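Please read these points with the model open beside you. They are meant for someone seeing it for the first time.

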Amino acid sequence: MPKSPEKYAALENAVNRLASEAMLATVGRDDGLVPAYSLVGELCELCADHPVLHAPVKALLTELEKSLDTAQPFTKALLGTLRSTVEWLGPAIDAVRGDTAVAPCPGFENAAPTTNAVAAAGPAKSEKTDVLMAFELEENQELLTEFHAEVVDHLQQIEAALLQLDQQPDDPEALNSIFRSFHTIKGNAGFLGLVPMHTLAHEVESLLDLARTNKLRLTSVIITEILRSRDTLHALTQQVGHALEKGKLPTEIIPVSHLIHAVKRLAVADGAHAAAPAPAPAEAAAPAPVEEAPEEVPAPVVPQAAPPTPVVTPAVVAAAPIPAETPEHAPAAAVAPVAGNAGPKNGGTEKQAAGGQTVRVNTEKLDSLMDVVGELVIVQSQIMESARSLGMDGSPLHRNVAQLTRITKELQHTAMALRMIPIKPTFQKMERLARDLARSCVKKVVFSTDGDETELDRTVVEEIADPLVHMVRNAMDHGLEPAEERVAAGKPEAGTVHLSAYHQGSNIVIELRDDGRGINPEKILKKAREKGIIAPNASLSREETFNLIFAPGFSTAEKVTAVSGRGVGMDVVKRNIEKLRGKIEIESEVGKGSIFKVKLPLTMAIIDGLVVRVGQDRFILPTTSVQMALRPAEETISTIQGTGEVMELRGRIMPLHRLHRRFNIPADSEKPWEGIVVIIEHSGRTSALLVDEMISKQEVVIKNLGALMQGLPGVAGGAILGDGNIALILDPGSILQAA
C-alpha cells in the first residue's frame, strides 16, 4: 500500500465511520447492517494491497455478507466480531504506517500474516468495476466540459432532493427528479465511456425504479446509501474536471464495487418486505425502461440552466468520522435522527422557469468584466471632478456627465449582480453535514434553514463555506446536550439548530442559532487563564470573554471527540471571516442556547468607505468598522503609565491610536482635541483613531497593491479617488493588533 497521508486518512476515516455504526448496532436488529457491510467493503478496497489488514477485513465482510444473504439481524457473535475488528484496526493501521509488526486480529489469528511483507501474499484481486477512468480527452474535450458542468448540477439537485426525501419519503416529485438525474448521468457517462460512473449510476437508477413502482420503500438506510453513491459520483466527476484542467487522465482508482454491492443488496432485501413482490436479484440489477431517453442511443450532452459557478465545498477536520477534504465527499451516516425544513419544497430540482434562457460563462470573464467596470467608475469620477472644477453647472457638459454617471452606476450594479449567487447550495451542504454529525454525535437534532435564496458575491459564498462547517460542527457537538441531559433540564429531547441569512443595511447576516447549553463565561475565563491566553488578573467584558473562543488552540471540551475538542476550528472561522472584511458576533445564555452572527459585505469588489485625511495623505476606513466620529474635549484625553493614551467616552475608557505615528507621516493635529477621533470596533474591541479631517463617505473600487505591498500590516488594499489620487484602504483589525 503506498504510504501516502491521503491513503491513511481515508483508512482512518472509514474506521471511524464503521466505529459509529458498530456502537449503535444492537443484537437482534438489522439497523446498520447494510451500512456496516458497505463500509467494510470500502475498507477492503482501501487495504487490498496489504494482506496484514486485508485478510481480517475480508473475513469480516464475508460474515456480514452471510447475514445479509439469509436476511438475519446482528447476532451477538457477529456484533462482537465487528466491534473487536474495529478496535484492532486503529492500532493495526498505526503499526502499518510505522512499518512495525501488527498484532493478530482477535478471532482471525490465522487469517492474516503478522508482518508487513506485501509480497508474502500478493495484492487482492479488484472487482472489475473498480477500474481507472479512461476516456478520450482530446477528442471529447468539449463534450466532457459540458458533461462535467451538467453532472455538477445534477449531483447538487440529487443531494437536495434526497434530504427532502429523508423528511418526506413519499414525495413522488423528489423521487422522480432523482431518478431522472441518475438516468441522465448514467446515459451520458456510458456515451463517453466513463465505466465506473455509468455502472454505479445504473445500479442506483435500478434501485430508484423499484421505489417509483412501489416495489421498495425508501428508508433512512437506503437514502444514506444513495447519498454515499452520490458522493462517489461527485469524486469521479472531480476527476473529469481535474483531467480537463490539467490535460492529463486520472491516475487514481476510486472504488465503486462496495457501493454497487450495497445498492444491489438493498434492492433485494428491502424489496422483499415491500407491499408488492420484489423482483429477482437479476431483475433488480437490470436497467428499467425509461421514457426520457432510449438506452440504445444515449442522449447527447446538453448544457442546462445552473448557478453561474459551483460553490467551493467546506473542509472538515480529518479526525471527524466523515472524510477530511469535504462534505461533498462524505459518506452519510446510516440513520441520522435529523429532521428539518431546509430541503426545497419540491425536491430541490426545479429549474428556475424565468422568461429567458441562461448561459454558462467562465468566472474569469466575469472577474475581467468587473475589473473593467471598476476602471470605468474611476474614470467617471475623475470626469465629474473635472466638470465640477470648471464650474459649469447647468451646461450641456454637466448634463452629459450626470447622464454618464447614471449609466455607469447602472452598469456597475448589473456587473455586480452577475457575480451574485444564492447561498442555497452552501446551506444545503450544512444540512447534509448536520445529518451526518447527528449520527456521529448520537444526538437527535432538528436542523432548519431560512433565507437560503439570499444572494452574495461568488467569492463570499466560496469563502464562507469553511467557517460555517466549523460553526455547525461546534453547535452540534458542544452546543447541543445529549437527549437525557436535555430531558432532565426540561427541554425537548431533540435539539434545534437553525441557519438563516438576511439583509441588514449594506451587509448580509448569516445567523446560526441553537437551543443548547449556551456558553459559560466563567468556564471560558478559567480555561483561558489555565492556557495562559489571558493574565490571571485580567478583567474582560462579556463580549471580550466570548471572543476568547476564537483564540488558536482554545477549547472548553472536557475530552477530545471524533468531531471536535482539539482547539482548532473557531480560530479558522474568525480568520476567514476577517479575510472577507466581515465580523462575527456572539450572543449566548447559559442553559438557553447561543446565536452566532456573521456580518459580511454584499460584494468583495466594492466597499463603502469613510475617507479621512492625515497630513497630505488620505485613507479609507470600512464603514462596517466605524461607530462614530467626533472632536473630543481636552479633559477626555489622558495618559496611563504602561498603557499609553486613552480616551473617555460616555463612561468607557478606550485606547487612542494616532494614525500618523502608525505610518510615520506628518500630521496637522498633534493635540487630539484639535483633530477628529474616529471610533472603530473590531472583534469586540473598541478604539479611538486620531485623524486630521473627515473628507467624505463614498463607494470605492478595491485594488490590489501588488506583491511588493501584499500583507502590509494595517492595509487591506488601495483605491483611486475621484481626483485621481490613490488612498490606502485600512484594515482596522491589523491596525489595532499592531498597535
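**Notes on the predicted model**

1. Alanine 71 follows helix α3 and has a positive phi, near 55°. Helices (H or I, at least four residues) and strands (E, at least two) are DSSP runs, numbered from the N terminus. This is a predicted model in which local features need pLDDT of at least 70 and side-chain atom pairs count only at pLDDT 80 or more, while totals for chains, interfaces and linings use all residues. Residues are numbered from 1 along each chain as its sequence is written, and side-chain values use heavy atoms, with hydrogens and water left out.

2. Helix α3 itself covers residues 51-69; at 1.5 Å a residue its 19 residues should span 27 Å, and the end C-alpha atoms are 26 Å apart, which agrees. The expected span is 1.5 Å times one less than the number of residues. Among the buried residues of α3 are Pro51, His54, Leu60, Leu64 and Leu68. Buried means under 20% relative accessible area, exposed over 50%, and partly exposed in between (1.4 Å probe, protein chains only).

3. For the protein as a whole, the secondary structure comes to 20 helices and 19 strands. Buried residues make up 51% of the 739 residues. Of the contacts with a separation of 6 or more, 73% are between residues 24 or more positions apart; contact means heavy atoms within 4.5 Å.

4. Which residues touch the most other members of the largest nonpolar core? They are Leu82, Phe182, Leu194 and Met197, in a core of 86 residues. Helix α8 (residues 220-246) supplies the largest share of this core, 11 residues. A second, separate core of 47 residues includes Phe447, Val460, Ile510 and Ala528. A nonpolar core is a set of buried Ala, Val, Leu, Ile, Met, Phe, Trp, Tyr and Cys residues joined through side-chain atoms within 4.5 Å.

5. Leucine 82 touches Leu18, Ala22, Ala36, Leu60 and Phe74, leaving aside residues up to four places away in sequence. Leu60 is also one of the buried residues of α3.

6. Strand β6 (residues 507-514) has 7 of its 8 residues buried, so it is largely enclosed by the rest of the structure. Strand β5 (residues 495-504) runs antiparallel to β6 and is joined to it by 8 bridges; two strands pair if DSSP finds at least two bridges between them. Serine 500 stands opposite glutamate 511 in β6. β6 also pairs with strand β8 (residues 593-601), in the antiparallel sense and over 8 bridges, and here arginine 513 stands opposite isoleucine 595.

7. An open sheet of 6 strands with mixed pairing has the order β11-β15-β16-β14-β13-β12. Its edge strands, β11 (626-630) and β12 (637-640), each pair on one side only. β11 pairs with β15 (residues 676-682) in the antiparallel sense over 4 bridges, and methionine 628 has isoleucine 679 in β15 as its bridge partner.

8. The structure holds 1 aromatic pair. It is stacked and joins phenylalanine 619 and phenylalanine 663, at 5.1 Å centre to centre with 25° between the planes. Rings of Phe, Tyr and Trp (its six-membered ring) pair if their centres lie within 6.5 Å; planes under 30 degrees apart count as stacked, over 60 as edge-to-face and the rest as tilted. Phenylalanine 619 is in strand β10 (residues 617-622) and phenylalanine 663 in the loop between α19 (659-662) and β15, 44 residues apart.

9. Is phenylalanine 619 buried or exposed? At 3% relative accessibility, phenylalanine 619 counts as buried. Isoleucine 726 lies 107 residues from phenylalanine 619 in sequence and 8.8 Å from it in space, C-alpha to C-alpha, yet isoleucine 726 is exposed, with a relative accessible area of 63%.
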